[in-house]
Amino acid sequence: MKLKAGIVGATGMVGQRFVTLLAEHPYFEISALIASPRSAGMSYREAVGTRWKLEAPMPEKVADMTVLSSEDTDAIADACDFVFCAVNMPKAEVVALEERLARAELPVVSNNSANRWTPDVPMIIPEINSDHIAVIPAQRRRLGTSRGFIAVKPNCSIQSYVPALTPLLAFGPRRVVATTYQAISGAGKTFREWPEMVGNVIPYIGGEEEKSEQEPLRIWGHIENGAIVKAQAPVITTQCIRVPVTDGHMAAVFVDFEKKPTREEILEAWKNYRGRPQELGLPSAPAQFVTYFEEDNRPQTALDRDLYGGMGISLGRLREDPIFDYKFVGLSHNTLRGAAGGAVLNAELLYREGYITAK
């Protein structure tokens, strides 16, 4: 029997991704589509209107579902075993919404940034820090819940380089420079809605550089006294640039190590790295977490962003650098691995580890 999943923020771009990913999911079925009160009572087709942003069509099985209001906690709790959350609201309102749902005994798997630094909320890339879900009992004690909790995924931009650096932590990375070239879907936009991005590059994305520099340290942190304590190294500096690409975030990365590995050692570490999703055979997990391309002109956004259904990380152009030890290029699909797909993988992990259950 599949678990009943609700999607809060179902009418937005990430919410639409959740809809397509869950339409035929082996573990979960969509039991509620949830949006702002102004959409409540409409069919999903009516609530989305002309704002369907994906190439894949809206699944017919959900098109006529009646949208619930995000303010109707009782109705959501009655309809769902757990919820995904992807809303566009001020941070304080997101925190209040997610805690309200968690206190209603709903596990909340969030795509939002509001709770990423809440000390007892795990921020998870399942292949890297699946052990952080062990903080959930401490969070439940704080919230006074037996089932409900919040788990989040990190910023989409870090998925193009943190998976590459993680297998190399044994060599002690000290300094990292990462410049990310980020697709317009990261802003929830299409070219039709954002024509000024055609043929344009914008060298600023609000708040993105701070997230890109600090969130990796929390991913690499540890649990101490019921809270996640972030790692102290490496030092990371970033620049985040919006480029005229539909989907796919690319990163140009430079890194120094305490113990400089050989090129062969780096490639071997990448090839052999596996995480808990691969061990469990989770449905959304790529068979190979990071894939290295030997060609000089790979990875390319159009060719490689959909690797393993958009859940694989593509790497290339590893070479020594005259200032740093090495440099390389990474690529991830920002609305799949970096957003809805990453959250679905989180939910699969939480389900298989016993944190999300049927009521």
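## Helix H9

The expected span of a helix is 1.5 Å times one less than its number of residues. Helix H9 covers residues 208–219, 12 residues in total. From its first C-alpha to its last, H9 reaches 16 Å, close to the 16 Å expected. The model described here is predicted.

Which residues of H9 are buried? They are Glu208, Ser212, Glu215, Pro216, Leu217, Arg218 and Ile219. These buried residues pack against two helices, H6 (126–129) and H8 (162–165). They also pack against strands E7 (173–182), E9 (227–229) and E10 (235–242).

## Overall build

The protein has 13 helices and 14 strands. Its C-alpha atoms fill a box of roughly 60 × 50 × 35 Å along the principal axes. A compact globule of 359 residues would have a radius of gyration near 21 Å. The protein has 20 Å, which agrees.

Of the 359 residues, 59% count as buried. The protein exposes about 14,700 Å². Carbon and sulfur atoms supply 51% of that area. Take the contacts between residues at least 6 apart in sequence: 77% of them join residues at least 24 apart.

## Nonpolar cores

In soluble globular proteins, nonpolar side chains tend to be buried together. The largest nonpolar core here holds 54 residues. Within this core, Trp220, Trp270 and Phe328 touch the most other members.

What does Trp270 touch, leaving aside neighbours within four places in sequence? Its contacts are Ala164, Pro167, Leu168, Gln288, Val290, Tyr292, Leu315, Leu318 and Phe328.

Leu97 is found in helix H5, residues 91–103. Is Leu97 buried or exposed? Its relative accessibility is 2%, so Leu97 counts as buried, the cut-off being under 20%. Neighbours within four places in sequence aside, Leu97 is in contact with Val8, Ser70, Cys85, Val87 and Met89. Leu97 and Ala138 are 41 residues apart in sequence. In space, their C-alpha atoms are 20 Å apart.

Asp304 lies in helix H12, residues 301–304. Asp304 has a relative accessible area of 4%, so this residue is buried too. Not counting residues up to four places away in sequence, Asp304 touches Phe293, Arg298, Pro299, Ser314 and Leu331.

Key:
Residues numbered from 1 in each chain as written. Predicted model: local features only at pLDDT ≥ 70, side-chain atom pairs only at ≥ 80, totals over all residues. Heavy atoms only, no water. Helix = DSSP H or I, 4+ residues; strand = E, 2+ residues; numbered from the N terminus. Buried < 20%, exposed > 50% of the residue type's maximum accessible area, 1.4 Å probe, protein only. Contact = heavy atoms within 4.5 Å. Core = buried A, V, L, I, M, F, W, Y, C linked by side-chain atoms within 4.5 Å. Rg over C-alpha atoms; globule rule 2.2 N^0.38 Å. Areas by Shrake-Rupley, 256 points an atom, 1.4 Å probe, with all protein chains shown as cover.
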